[in-house]
Amino acid sequence: MELKKNGFKAGILSGKLQRGIWCSMTDPMAAEMMATCGYDWMLFDCEHSPMDPIRVLPMLQAVAPHPVSALARPSCLNAAEMKRLLDIGAQTLVVPYVQNAEEAAEAAAAMDYPPRGIRGVAGMTRASGFGKVAGYHAKARDELCLIVQVETVAAMAEIEAIAAVPGVDGIFIGPADLAASMGLPGQPSHPEVQQAVIDGIGRISAAGKPAGLLTMDAAFGQKAIEAGVAFLAQDLDLIALRKGLTLT
């Protein structure tokens with residue numbers, strides 16, 4: 001059995017904008033349906049939803065037959081939780097609230113086996129095809145992707161240092177938390193927040209890393225595209241459902 005290719009990782013390195021959707025619902029049928037909607041990627045969120053690795057597993061299984069990449073966000077920078085998500089087959093992890101290069105290095109270490117990292121070695125995992133992917137442990141990191149989130153004023157100041165950490169494959173800017181950090185809670189589309197994000201995208205790109213963003217503001221999303229964002233989500237499953245069901 002061959003090691004599964006990571007389409008998202010290849011996509012963000014190709015220069016072609018990768019469009020995705022943020023998923024907080026825990027229904028595998030809903031995930032399966034969304035996997036047919038044309039997105040390049042879907043993110044299953046364990047930080048701000050009831051999801052955990054046990055609930056992420058059926059979501060990964062539901063979308064596996066479809067041409068979409070499945071990303072997962074652990075609840076925090078937690079090597080044990082990251083290991084569980086990797087072992088069940090998540091190939092891209094988006095780690096929230098990374099504040100500096102030291103924390104980025106911790107996240108990178110959790111993605112790789114010793115001697116380069118600290119990922120625990122197990123043989124009978126979904127990620128390794130239940131032991132059928134030849135040489136999995138030696139080559140797994142080639143198809144894994146680590147995205148770290150910068151989402152405070154302090155973290156934004158560390159973009160270049162974070163981008164320089166070996167094993168960091170991309171950087172995502174979280175505008176909601178950034179807005180709160182700037183004294184503008186609940187205002188992720190405030191002009192000052194938008195400017196900070198656009199500047200951050202430029203700095204991430206200049207550092208040689210793909211930049212990502214989640215925003216439901218269409219105009220803000222277009223500014224991000226023009227600034228060179230590599231991966232972008234402009235909807236969240238619950239918000240899309242509410243919009244579709246609301247009568248007035």
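Modeller: The model is predicted: local features need pLDDT of at least 70, side-chain atom pairs count only at pLDDT 80 or more, and totals for chains, interfaces and linings use all residues. Residues are numbered from 1 along each chain as its sequence is written, and side-chain values use heavy atoms, without hydrogens and water.

Colleague: Which residues of helix 11 are buried?

Modeller: Phe220, Gly221 and Ala224, in a helix of residues 218-227. Buried means under 20% relative accessible area, exposed over 50%, partly exposed in between, with a 1.4 Å probe and protein chains only. Helices are DSSP runs of H or I, at least four residues, and strands are runs of E, at least two, numbered from the N terminus.

Colleague: How do you know that the buried residues line one face of helix 11?

Modeller: Seen down the axis, they fall within an arc of 100°, so they line one face. The arc is that of the directions from the helix axis to the C-beta atoms.

Colleague: What makes Asp217 a cap of helix 11?

Modeller: One of the side-chain oxygens of Asp217 lies 3.0 Å from the backbone nitrogen of Ala219, at the N-terminal end. A polar contact is a pair of N or O atoms within 3.5 Å; within protein, one must be able to donate a hydrogen and the other to accept it, and residues adjacent in sequence count only if both atoms are side-chain atoms.

Colleague: Why is Tyr97 called partly exposed?

Modeller: Because its relative accessibility is 44%. Tyr97 has a positive phi of about 55° although it is not a glycine.
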